[in-house]
Amino acid sequence: RRHGSRRRGRLMSRCFADVLPEWPLEDVEAGLASATSGDVLRALETAQAGGRLEARDYMALLSPVASPYLEDMARLAREVTLRQFGRAVQLFTPLYLANYCTNQCVYCGFNTKNHIHRSMLTMDEVEAEGKAIAATGLRNILLLTGDAPKLTGPDYIAEAARRLRPYFPSIGIEVYSMTEDEYRMLVEAGVDSFTMFQETYNEGLYARLHPAGPKRDFRFRLNAPDRAAAAGMRCVNVGALLGLDQWRRDAFYTGLHADWIQRAYPGVEVAVSAPRMRPHEGSFNDIHPASERDLVQYIQALRLYLPSAGITLSTRERPFLRDRLIGLGITKISAGGSTAGGGHVHAENGEEHDTAQFEIADDRNVDQMMAAIAAQGYQPVFKAWEPLDETYACGQSA
């Protein structure tokens, strides 16, 4: 699509998995521990002057010594966000297609060893979910599944996208790792954005967290954003699940990953998510907590490091925090979310639904979320992308 064969060929020989070893875990830990107040102040001065922060500047802003400077970071983050994005905040919601999974991720409610009710939506049910979501005014949707390609393979996801395209100008996916050709097929079916959490960039820990299943392949997952970008995805969103490892390390690597995508694929919109661990089915207690204050520091540092990157905040966070982060770097926020298959239709009918992937902390509906955004002096945006074909039937009335 927008990517020439020359750039695709270059990236075939170098992906982010080749960049990661340049920043060994022990060096990052040492850099975070040895950062000084002077390093933080120099990074803030560079950001204030509109200069480009380097990775070491970003590291300083994430370090413990930067904690006393959160108000200065907040002021700059607000200014940068307004300059880059104005007062627009995009709204979206997830649509869970299935909760079947072949992985044994120890921190996930969909773990194949968990004894939960499993189901997958039929195409008629997918469309019913889409209609229920579209009736709220939302025009941006994110499709999710567990990792069970024999049931919910790329063809199934592509068909779901085609059924939903008449209702949504922007369709994203947050599913298992695929090949570049499979991502290209999804792009042709109407998918335009891609989200993938590496979970943790600590490869040794990653292996312990994923004892069995295809997701255990660290490098294949790590290079998935490269493949998605090369396949023509309009937007690529990366992230780590805060709580699996020390949050500062994973936050640093996530920023590096987003910066890599931005530099290697300049025609692709880059975004970052900053999810924290939430209660879920099963037991996993080896958590490295990231507090709300930690999350605020991460988002502000990220905004100063990557001024033009989108930052997404989900319903994992409580309403009070979500409302106050709107002006400090967040550009995209979920509303009326459900992490269970068929959750939107079931909620509309007052019915119970399947076991959710995790518990949400903000259950406000779309109207309530719109009011909250407006109360902060920002504009809720339903649609920021218009496909140039006739498939999207809601285009005249959205």
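Contact is taken here to mean heavy atoms within 4.5 Å. In this predicted model, and leaving aside neighbours within four places in sequence, Tyr298 is in contact with Tyr58, Leu62, Leu242, Trp247, Ala251, Thr254, Val272, Ser273 and Ala274. Tyr298 is also, together with Ile173, Tyr183 and Phe252, among the residues that touch the most other members of the largest nonpolar core, a set of 113 residues. The element that gives the most to this core is helix 13, spanning residues 247-264, which supplies nine residues. Another core, of 15 residues, lies apart from it and includes Cys105, Tyr107, Cys108 and Leu244.

The secondary structure of the chain comes to 17 helices and nine strands. Among contacts between residues at least 6 apart in sequence, 76% join residues at least 24 apart.

Two pairs of helices illustrate the packing. Helix 9 (residues 180-188) and helix 12 (residues 224-231) pack with their axes 8 Å apart and at an angle of about 50°, which makes helix 9 oblique to helix 12. The crossing of these two helices is right-handed. On the side of helix 9 the contact is made by Glu180, Tyr183, Arg184 and Val187, and on the side of helix 12 by Ala224, Arg227, Ala228, Ala230 and Ala231; of these residues, Tyr183 has been named above as one of those touching the most other members of the largest nonpolar core.

For helix 4 (residues 37-48) and helix 6 (residues 70-85), the axes come within 10 Å and cross at roughly 25°. Because angles under 35 degrees count as roughly parallel, helix 4 and helix 6 are described as roughly parallel to each other, and the crossing that they form is left-handed. In this pair, Leu44, Ala47 and Gln48 of helix 4 meet Asp72, Met73, Arg75, Leu76 and Glu79 of helix 6.

Several individual residues were also examined. Asn99 is found in the loop between strand 1 (88-96) and helix 7 (123-134), and with a relative accessible area of 3% this residue is buried, since the cut-off for that class is under 20%. The side chain of Asn99 reaches two backbone atoms, namely the oxygen of His117 at 2.9 Å and the nitrogen of Ser119 at 2.8 Å.

Pro166 likewise has its place in a loop, the one between helix 8 (154-164) and strand 3 (170-174), but at 24% relative accessibility Pro166 counts as partly exposed. Although Pro166 and Tyr392 are 226 residues apart in sequence, their C-alpha atoms are 4.2 Å apart in space. When residues up to four places away in sequence are not counted, Pro166 touches Thr391, Tyr392, Ala393 and Cys394.

Backbone geometry draws attention to one further position. Most residues other than glycine have a negative phi. Glu199, although not a glycine, has a positive phi of about 75°. Glu199 lies in strand 4 (residues 193-199), and at 6% relative accessibility Glu199 counts as buried.

Notes:
Residues are numbered from 1 along each chain as its sequence is written. This is a predicted model: local features need pLDDT of at least 70, side-chain atom pairs count only at pLDDT 80 or more; totals for chains, interfaces and linings use all residues. Side-chain values use heavy atoms; hydrogens and water are left out. A nonpolar core is a set of buried Ala, Val, Leu, Ile, Met, Phe, Trp, Tyr and Cys residues joined through side-chain atoms within 4.5 Å. Buried means under 20% relative accessible area, exposed over 50%, partly exposed in between (1.4 Å probe, protein chains only). Helices (H or I, at least four residues) and strands (E, at least two) are DSSP runs, numbered from the N terminus. A polar contact is a pair of N or O atoms within 3.5 Å; within protein, one must be able to donate a hydrogen and the other to accept it, and residues adjacent in sequence count only if both atoms are side-chain atoms. Axes are lines fitted to C-alpha atoms, for helices over the stretch in contact, and angles run from 0 to 180 degrees between N-to-C directions. Angles under 35 degrees count as roughly parallel, over 145 as roughly antiparallel, 65 to 115 as roughly perpendicular and the rest as oblique. A crossing is left-handed if the near helix is turned anticlockwise from the far one by less than a right angle, and right-handed if clockwise.
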